[in-house]
Amino acid sequence: MSVARCQHATGAVEVKRSLRLSRSDEHGRFPDALPLIENLLTEMSEAGQWPMTLTMRANLILEELVLNTLTHGDTSGLTEVSIDLESESHSLAIRLADDGSPFNPLADAPEPDLALPLNERPIGGLGVYLVRTMGEELEYRRDGNRNHLKLVVRPES
Amino acid sequence: MRFNHERSGDTLVVSASGRVDGSNASDFLDSLQGLFDPGDQRIILDLGGLEYISSAGLRVLLMAAQNLDKQQKSFSICSLTEAVGDVFRISGFDQIINVFPSVEDAKQG
């Protein structure tokens, strides 16, 4: 995990962190990603004095995307998920990369119908939609055998 | 996650606090459904202490809301924190589940 901090004259604190998840135990399993993500964001949000909604949106986006990569589809070829975070004032830039099967969260997940009444709402299918709605400036590219996703999170959009 | 509950007449108020994510959502569902009694006609879920919810937690709330609706029981949620309210708004859950500012409002609603 790398750490860099920079205090500006304005009082805004830039915080950078990285997290690499790989098949690290003797059974070739990934570590439990959610506590690692939560701890990383708690630490960054304290250093950067983020509003609560920014921390929660960032946590939700990372949970949805990382769990999707680790558990959906064919994960046999997946060896690493990397997360790079860089906060500036009250926004957070997220860069995610993995060597799993191609998955473009901007195009490969159906749009949920939010107008359906309670009993017709399907269970599930909201995770990627929440990411697309809470995230801004989303960019996906498949480069060689890797998925790359960039996005920006702000406390309100 | 931590739970408290209080029953008065046919009204059950369940308070849930902490975080609900992909790691504990199925425990959340089991705990919640374990508290329901056949005699409960009105269930109020107080989420005032819930700091975080992801789509895994929303799935549980939707399952609970649909099950209770099929049994013609009243289900409402109250006291959302800012972060959880944000997720409710974006997912449209505030349009399909009755959401109240406080337990008192939910009891009167």
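Student: How much space lies in the second largest pocket?

Tutor: The structure is a predicted model. The second largest pocket has a lining of 22 residues, and those nearest its centre are A:Thr69, A:Asp98, A:Ser101, A:Phe103 and A:Asn147. The space in this second largest pocket comes to about 320 Å³.

Student: Which element gives the most to the lining of the second largest pocket?

Tutor: Three elements of chain A, namely α2, β4 (91-98) and β6 (146-153), each supply at least two residues of this lining. By class, the lining holds 11 nonpolar, 9 polar and 2 charged residues. With 4 residues, the element that gives the most is α2(A).

Student: Which residues lie nearest the centre of the largest pocket?

Tutor: The largest pocket holds about 450 Å³ of space. Its lining is made up of 25 residues. The ones nearest the centre are A:His72, A:Gly125, A:Leu126, A:Gly127 and B:Arg59.

Student: How many residues does α2(A) give to the lining of the largest pocket?

Tutor: In the lining of the largest pocket, two or more residues come from each of α2 and α3 (127-134) of chain A and α2 of chain B. The classes in this lining are 9 nonpolar, 9 polar and 7 charged residues. Of the elements, α2(A) gives the most, and its contribution is 5 residues.

Student: How many cavities of 30 Å³ or more does a search of the whole structure find?

Tutor: Rolling a probe the size of a water molecule over the atoms shows where empty space is left. The largest cavity contains about 40 Å³ of space. For cavities of 30 Å³ or more, the search of the whole structure gives a count of 1.

Student: Which elements give two or more residues to the lining of the largest cavity?

Tutor: The lining consists of A:Met56, A:Arg57, A:Leu60 and A:Met134 from chain A, with B:Tyr52, B:Ile53, B:Ala83, B:Asp86 and B:Val87 from chain B. By class, 7 of the lining residues are nonpolar, none is polar and 2 are charged. The elements giving two or more residues are α2 (52-71) of chain A and, in chain B, β3 (42-53) and α3 (82-91).

Student: What is the N to O distance in the salt bridge of A:Arg57 and B:Asp86?

Tutor: Side chains of opposite charge can pair when their charged atoms come close. A:Arg57 and B:Asp86 both line the largest cavity, and across the interface of chain B and chain A there are 2 salt bridges. In the salt bridge between A:Arg57 and B:Asp86, the N to O distance is 2.7 Å.

Student: How much area do chain B and chain A bury between them?

Tutor: The contact draws 26 residues from chain A and 26 residues from chain B. Between the two chains there are 12 residue pairs in polar contact. Carbon and sulfur atoms carry 62% of the buried area, which totals about 2300 Å².

Student: Which element provides the largest share of the side of chain B that touches chain A?

Tutor: That side of chain B receives two or more residues from each of β3, α2 (55-70), α3 and α4 (93-96) of chain B. Its residues divide into 12 nonpolar, 7 polar and 7 charged. The largest share, 9 residues, is that of α2(B).

Student: How many residues apart in sequence are the parts tied together by A:Glu43 and A:Arg17?

Tutor: Over all chains, the search finds 14 salt bridges. One of them joins the side chains of A:Glu43 and A:Arg17, at 2.7 Å from N to O. A:Glu43 lies in helix α1 (residues 33-48) and A:Arg17 in strand β2 (residues 13-22), both of chain A, so the parts this pair ties together are 26 residues apart.

Methods. Residues numbered from 1 in each chain as written. Chains lettered and ligands numbered in written order. Predicted model: local features only at pLDDT ≥ 70, side-chain atom pairs only at ≥ 80, totals over all residues. Heavy atoms only, no water. 1 Å grid on protein atoms, 1.4 Å probe; cavity = no way out; pocket = protein on both sides within 12 Å on 5 of 7 lines; lining within 4 Å. Points joined across faces, edges and corners; volume = space filled by probe spheres on them. Nonpolar A, V, L, I, M, F, W, Y, C, P; charged D, E, K, R; others polar. Contact = heavy atoms within 4.5 Å. Buried area = accessible area lost by both parts, 1.4 Å probe. Salt bridge = Lys/Arg side-chain N within 4 Å of Asp/Glu carboxyl O. Polar contact = N/O pair within 3.5 Å; in protein donor to acceptor, adjacent residues only side chain to side chain.
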